[in-house]
Amino acid sequence: MATSQENPELREFLRVTRIVTLVWLLIAAVVALIEILSFVVSLLHLSFPGGAILGFVYAALWGFTDLMILGRFDDWSTLAQKGDYAELQRSLLLWVVLGVLFGLVPGLLLGIIYVRLGGPQGGGLYWSRPASPAQEPKGNPPHQPTGTSTGSQLQPPPPYSPP
């Protein structure tokens, strides 16, 4: 059941991002396993396994970051359900950066959420909001000239121009 503050599109995007992050975590586990096998094969051939060591370290960081991101989804879903978009945006920033560095796809998806919440400038919510029952017109709406807005949707903020 959606509350008046909850945004179903944001909730769905968070759910999809959680699933993609879980899949990405499984891929990190497979890469780590392959790097361990490469390490063992290199040792058996009496060669230095430098690439395997670095690959394993990166895969371990990738997997750890994805695990940490998965652990945060309940908090983010709660913030989205409450409609606390400013706190959700603040909470996402660190994980967007870490996600891009150590697990590209989850970081990019979280980055999309961050930008759609208003980006670094804040203040703009680009997710479509459901119309409340008070805003829905009864019967035929009054005539409105072409090109004007009914006010039921948020308009994007004006473009940023540096001082």
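Biologist: Which helix gives the most to the nonpolar patch?

Modeller: H1 gives the most, with 5 residues. This is a predicted model, in which local features need pLDDT of at least 70, side-chain atom pairs count only at pLDDT 80 or more, and totals for chains, interfaces and linings use all residues. Residues are numbered from 1 along each chain as its sequence is written, and side-chain values use heavy atoms, leaving out hydrogens and water.

Biologist: What makes Ile36, Phe39, Val40, Leu43, Leu44, Phe48, Ile53, Phe56, Val57 and Leu61 a nonpolar patch?

Modeller: Patch residues have over 30% relative accessible area and no salt bridge, and nonpolar side chains (Val, Leu, Ile, Met, Phe, Trp, Tyr) are joined within 5 Å, like charges within 9 Å. A salt bridge would be a side-chain nitrogen of Lys or Arg within 4 Å of a carboxyl oxygen of Asp or Glu. Together, the patch residues have about 910 Å² of accessible area, computed by the Shrake-Rupley method with a 1.4 Å probe, where for residues only the protein chains shown count as cover. Helix H1 (8-44) and helix H2 (50-82) are the elements that give two or more residues to the patch.

Biologist: Why is leucine 43 called partly exposed?

Modeller: Leucine 43 lies in helix H1. Buried means under 20% relative accessible area and exposed over 50%, with partly exposed in between (1.4 Å probe, protein chains only). Leucine 43 has 44%, so it is partly exposed.

Biologist: And how many helices and strands are there in the chain?

Modeller: There are 4 helices and 0 strands; helices (H or I, at least four residues) and strands (E, at least two) are DSSP runs, numbered from the N terminus.
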